[in-house]
Amino acid sequence: MKIITIVCLVFLTLLSGCKEDAKNQTSITDVPSNAPKSDSKTTNDVLNKQQFQAFFPKQLGGYELRDVSILASNAITTGTYIKGNDYNRSLVLILQDGNRKGSGIIKNFDMSYAQDLKPAPGSEYIKKERDGYRTIALVQPQIGRNLIELTYKNRFRISLEGVEDVDTLWRYLDKENFAILD
């Protein structure tokens, strides 16, 4: 009986010690009470469906928005734009939210921007600052498709891919529309 009592006391002591340690630990998401309040877009939450959809304008240049697809598990949304009814003349606008655990989209962009990228034969990477944004463009004349991408607010990766030249794709990106992501 004495042994059972001692084992119970040791167990209760260990249990109470664990509870005290748990109370004293703070997680990464704990915010001090005197910290300024922030909106939901600056927490570890990714955009919701309505916020993703609001980013995509009804038109880009002469292209009309036909479809918005959201892959919530990866925080990626694509908008497909078509000129007239010619599906060979399309644009794809991609918005990725890097504000989720394990996301490396910003780090990958920064590393790509810093490295000397080797494109496929006949293609070319162009790294250039445009209107204060660091951009990476991929020019692919052999297949007639080009891509331009940038990061916004050290959280979002925005890409536009299509048949137009890179400078035209850049003009199609509505930089004022980026404020929706603030």
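R89 is partly exposed, with a relative accessible area of 32%, where buried means under 20% relative accessible area, exposed over 50% and partly exposed in between, using a 1.4 Å probe and protein chains only. The side chain of R89 meets that of E164 in a salt bridge with an N to O distance of 3.0 Å, a salt bridge being a side-chain nitrogen of Lys or Arg within 4 Å of a carboxyl oxygen of Asp or Glu. Because E164 lies in the loop between β8 (156-162) and α4 (166-172) while R89 lies in strand β4, the pair ties together parts that are 75 residues apart in sequence. E164 is buried, with a relative accessible area of 13%.

This is a predicted model, in which local features need pLDDT of at least 70 and side-chain atom pairs count only at pLDDT 80 or more, whereas totals for chains, interfaces and linings use all residues. Residues are numbered from 1 along each chain as its sequence is written, and side-chain values use heavy atoms, with hydrogens and water left out.

## Further salt bridges

By the same rule the count comes to eight salt bridges, and one of them joins D97 to R155, with the closest N and O atoms 2.8 Å apart. This pair links distant parts of the chain, since D97 belongs to strand β4 and R155 to the loop between β7 (145-152) and β8, 58 residues apart. Both D97 and R155 are buried.

R145 forms a salt bridge with E161, the closest N and O atoms being 2.6 Å apart; R145 sits in strand β7 and E161 in strand β8, 16 residues apart. R145 is buried, with a relative accessible area of 14%.

## Strand pairing around β3

Strand β2 (residues 63-71) pairs with strand β3 (residues 76-83) in the antiparallel sense over seven bridges, two strands being paired if DSSP finds at least two bridges between them. Within this pairing E64 stands opposite I82 of β3, and in the hairpin, with four residues between the strands, A75 takes a positive phi near 55°.

## The chain as a whole

The chain has four helices and eight strands, counted as DSSP runs numbered from the N terminus (helices H or I, at least four residues; strands E, at least two). Of its 182 residues, 31% count as buried.
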